[in-house]
Amino acid sequence: MSVCCSDAAVQVEPVSDSKSGGKMKTFTSHISVRPTFLLQVLDTTSGSPGRSLPVTLYEQTTKKGWEVAEEGCTLDDGQMKLLKGRSLTPGGRYKLHLDTGSYFSQKGGQPICPFIELGLQTPPDCQNLHVSVHIGLHGYTTYIGT
């Protein structure tokens, strides 16, 4: 029997209990967590999450250069899960494009960086990637965790 809980897949297998003559069953579980790629944006101008920021994720392919892997906007909490249902490519190269120009123009501001592009290469053994970006009208800061 398989059970799915958010980003975790749980495999449950019945095991006969020898002491009860096989009438009782105990269960063992094997939990595997799907690799995640999480973007988190904080608007330092307002001190709040970067809501509804347009984001495009590109993945470098060997034949065609860069291909769009995903497009969307950050949620109310400033987060966006990327590559939903897909795994990170070990050693893969990705590019995040954040459209800060349209984001800040909706708020009546004009940023010095109308867009931000971050190039990322995943380590060969990378299972999870967390990219945090702090954006403002006069610049940005980023850090990456795994």
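Lys95 touches Thr56, Leu57, Tyr58, Trp66, Glu117 and Leu118, leaving aside residues up to four places away in sequence. In this predicted model, Lys95 lies in strand S9 (residues 93-98) and is buried yet has no salt bridge.

- Strand S9 belongs to an open sheet of four strands, arranged in the order S7-S6-S9-S10 with antiparallel pairing.
- The edges of this sheet are formed by strand S7 (65-73) and strand S10 (116-121), each of which pairs on one side only, and the twist from one strand to the next averages 20°.
- Strand S6 (residues 54-61) runs antiparallel to S9 and is joined to S9 by five bridges; within this pairing, Tyr58 stands opposite Lys95, and Tyr58 is also among the residues that Lys95 touches.

**Strand S4 and its partners**

- Strand S4 (residues 36-43) runs parallel to strand S11 (residues 128-136), with eight bridges joining the two, and Asp43 stands opposite Ile135 of S11.
- S4 also pairs with strand S8 (residues 79-82), here in the antiparallel sense and over four bridges, with Gln79 of S8 as the bridge partner of Gln40.
- A further antiparallel pairing, over two bridges, links S4 to strand S5 (residues 48-49), where Asp43 stands opposite Ser48.
- The hairpin of S4 and S5 has four residues between the strands, and Gly47 takes a positive phi near 75° in this hairpin.

**The largest nonpolar core**

- In soluble globular proteins, nonpolar side chains tend to be buried together.
- The largest nonpolar core here has 23 residues, of which Phe37, Leu39, Leu96, Leu98, Val131 and Ile135 touch the most other members.
- Two or more residues come from each of S4, S6, S8, S9, helix H1 (100-105), S10 and S11, and S11 gives the most to this core, with four residues.
- Val131 touches Phe37, Leu38, Leu39, Gln40, Leu96, Leu118, Leu120, Thr142, Tyr143 and Ile144, again leaving aside residues up to four places away in sequence; among these contacts, Phe37, Leu39 and Leu96 are themselves listed with Val131 as touching the most other core members.
- Leu118 is touched by Val131 and also by Lys95.

Notes
Residues are numbered from 1 along each chain as its sequence is written. This is a predicted model: local features need pLDDT of at least 70, side-chain atom pairs count only at pLDDT 80 or more; totals for chains, interfaces and linings use all residues. Side-chain values use heavy atoms; hydrogens and water are left out. Two strands pair if DSSP finds at least two bridges between them. Buried means under 20% relative accessible area, exposed over 50%, partly exposed in between (1.4 Å probe, protein chains only). Lys and Arg count as positive and Asp and Glu as negative; His and the chain ends are not counted. A salt bridge is a side-chain nitrogen of Lys or Arg within 4 Å of a carboxyl oxygen of Asp or Glu. Contact means heavy atoms within 4.5 Å. Axes are lines fitted to C-alpha atoms, for helices over the stretch in contact, and angles run from 0 to 180 degrees between N-to-C directions. A nonpolar core is a set of buried Ala, Val, Leu, Ile, Met, Phe, Trp, Tyr and Cys residues joined through side-chain atoms within 4.5 Å.
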